Amino acid sequence: MIKVDTTHKERIAQGDILRDIEYLEYVREENGVIEASKILFPLVIVLTQDCDLAQDSTFRASAGSGEKKSQDKYLLSVLVAPLYNLEHVYLGKHLSEIDMQMQTIDRNSTQGKNLTQNVSPRYHYLEFPPEISLVPSVIDFKHYFSIDVKTLNALHGNQFVCGVSELYREDISQRFSSFLSRIGLP
Amino acid sequence: MSSDSDYVNISNKYAPSGASSTKAVTAVVSSAKDNNEIETAMVSSATDNRKIEIENQKYGSAKPRRILVRAGIIHDQG
């Protein structure tokens, strides 16, 4: 079980869990009609390094004053990953609403146990304390996207759920970066 | 409990030790439709006074869904 902090902070922090975040899939224009497709994710977790988020916030707050005249520390976007319901993941149905069938995982199999013990490199299992009203969830490290910093800052106030505490968020970050940098040997 | 829930998530709930068979205990359930809500439900003790026998229901929460937005462009012919 992880530890979380429900205190809402002024800025976005690594490990923050936010609800109802949209991912823009595409925008097309054809014959004068614009079509935009978005995916609404019920929950996402912030993966961007916390020091980068802190510097971004500090420099934006004091823009133009003193040593902070440049935008050198500004971020363009924040990296997030969706949280999926563990039970839906077992069934391979967590993306059924967007017409994606995922592999099923037998909870009693080695694969299922590896998932909840965070042995499987692709997934990160999160079990929240009882006082946090979130179901057991899974991050799939193959799924991540970025959100414009200003947009996320605007949403942060209303859509903040909780923040994963330091040691646990760093574990997520380390496992995510390890998965991204894996080398597929022949 | 939300009436429109598809599923409910009932975590381990144990009646107080020594509770009579008729004593009601409180179970905490999370709404299937909303990841963030916790609501309470009264559950009567089952055959075992010390334990409420509710096995895992399907844990529920919203799934990602797609939203399409279409808008026409008004061309200025002037």
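Which helix do the buried residues of H1(A) pack against? In this predicted model, the partner is helix H4 (149–159) of chain A.

Helix H1 of chain A covers residues 50–61, twelve residues in total. From its first C-alpha to its last it reaches 16 Å, close to the 16 Å expected at 1.5 Å a residue. A:Leu53, A:Asp56 and A:Ser57 are the buried residues of H1(A). Viewed down the axis of H1(A), the buried residues fall within an arc of 95°, so they line one face of the helix. These buried residues are the ones that pack against H4.

As for the chain overall, chain A contains five helices and eight strands. Their order along the sequence is β-β-β-α-β-α-α-β-β-β-α-β-α. The C-alpha trace of chain A spans about 60 × 50 × 45 Å along its principal axes. Chain A has 186 residues, of which 30% count as buried. When contacts between residues at least 6 apart in sequence are considered, 67% of those in chain A join residues at least 24 apart.

The largest nonpolar core comprises 37 residues. Within this core, the residues with the most contacts are A:Ile17, A:Val44, A:Ile45, A:Val80, A:Leu83 and A:Ile139. Several elements of chain A each supply at least two residues of the core, among them strands S2 (16–30), S3 (33–46) and S4 (77–85). Helix H2 (86–91) also does so, as do strands S5 (123–126), S6 (137–140) and S8 (160–164).

A:His124 is buried, because 22 other C-beta atoms lie within 10 Å. Not counting residues up to four places away in sequence, A:His124 touches A:Asn118, A:Val138, A:Ile139, A:Phe141, A:Ile172 and A:Arg175. A:His124 and A:Leu75, by comparison, are 49 residues apart in sequence and 26 Å apart in space, C-alpha to C-alpha.

Notes
Residues numbered from 1 in each chain as written. Chains lettered and ligands numbered in written order. Predicted model: local features only at pLDDT ≥ 70, side-chain atom pairs only at ≥ 80, totals over all residues. Helix = DSSP H or I, 4+ residues; strand = E, 2+ residues; numbered from the N terminus. Buried ≥ 20, exposed ≤ 12 C-beta atoms within 10 Å, placed from the backbone. Contact = placed C-beta atoms within 7 Å. Core = buried A, V, L, I, M, F, W, Y, C linked by C-beta atoms within 7 Å. Expected span 1.5 Å × (residues − 1). Arc of directions from axis to C-beta.
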